[in-house]
Amino acid sequence: MDMKKSNVFLLAIATACLVACGGKKGGGLNFGDNEFPIETAGMSTASMQTTYPATIKGVQDVEIRPKASGFITRINVHEGQSVGAGQVLFVIDNETYQAAVRQAQAAVTQAQAAINTAEAQLSTAKLQYDNSTQLHANGVIGDFELQTAKNSYNSAQAQVNQTKAALAQAQAGLASAKEQLSFCYVKSPASGVVGSLPFKVGALVSSSSPQPLTTVSNISAMEVFFSMSEKDVLEMTKSAGGLNAAVNAYPPVRLKLADGSTYAHEGRVVKVSGLIDATTGSVSMIARFPNPEHLLKSGGSGSIIVPRKDNAAIIVPQSCVAEVQDKHFIFVLGSDNKVKYTEITVDPQNDGINYIVKSGLKVGDKYVTKGITKLTDGMDIVPITPEQYEKKIQDAAKLGENQNDAKKLKKALGM
């Protein structure tokens, strides 16, 4: 047998094998036919989530502002440092305030000396008055002399009262001067972490400065601010029986950070604003998160993730839904095996794989799950199960492999 006859013989054998394996065109399967997989809509439990843009703040963000005017002479902290309540953060030039304290102290000393003098005079006047009273009783002096002694005593008493008032005023001035001096030592009113330090040593600051010296944030726990629509808040309030009950019954929430990762700790909604923002129609809400690792920073951003569970949801794959101009359509199978192009509404929140159908499809309806691009409204089809459809796919793939093998063999034989 020559080489050419040998090649023809081998090709004949290969062709016979391919035919035996379904090598006939289409293999009895024509994917232009009208067989389509059908599913029946049923109720399922769906776990979904809603996200809201959020802003992160410390439970207590305190702006540190000076009460005294002057140049900053010392900065005792650095950005990001943890500080305690009462710790001195800044020192402002206080020479003028110290001089005022010394002056007020001198005024107190002077007032005290005046009291001592007045009290001595009062003591002398009292002795004279007592003596005059005795002499008047014995008939030694007359009424005029007694009245003069009494007037002197009353005048000395008034002088003592006056000097005591002056002392109280001087002491008040001293206390005020000391308080003004204490304002030069800017202390933290709460424990927390120091924010940015926009002012340097030598900067002139005052109580009217528009920018604070720094901010101290308590970041042991963080408050995350987000907004819900008025409609969502109303539904939540009605279903829970009141706003306070709704807050208490609100599920734990998650926080997606700016880098896309999910924060390790769950948070709880603790506050809901009683007012609706007229410009946005939204209600402000606050969720509190623990922050033991100090990962969350005041002023950061993220997204609040609110889990939702629907125990009576109709779920369909997104692959069987056609989207046209923000509308969603599905092919529903009628009793006459004709499909109807049906509009449905879906939950805007989805997992990227399935849709939760809100309307347009009810339990028991049959719908096409694959091949919807070949369908038209009112088209007759032959419904098959998804398992039968998958088998057709597998058979087609096997057929394609066999045909490809035949081409390779033919090429190898030089034909």
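Which residues does Ser 206 touch, not counting residues up to four places away in sequence?

Mentor: Before we look, this is a predicted model, where local features need pLDDT of at least 70, side-chain atom pairs count only at pLDDT 80 or more, and totals for chains, interfaces and linings use all residues. Residues are numbered from 1 along each chain as its sequence is written, and side-chain values use heavy atoms, with hydrogens and water left out.

Now to your question: Ser 206 touches Pro 66, Ala 68 and Ser 69, where contact means heavy atoms within 4.5 Å. You'll find Ser 206 in the loop between strand 8 (204-205) and strand 9 (214-229); strands are DSSP runs of E, at least two residues, and helices are runs of H or I, at least four, numbered from the N terminus. With a relative accessible area of 16%, Ser 206 is buried (buried is under 20%, exposed over 50%, partly exposed in between, using a 1.4 Å probe and protein chains only). The side chain of Ser 206 also has a polar contact of 3.0 Å with that of Ser 208. Such a contact is a pair of N or O atoms within 3.5 Å; within protein, one must be able to donate a hydrogen and the other to accept it, and residues adjacent in sequence count only if both atoms are side-chain atoms.
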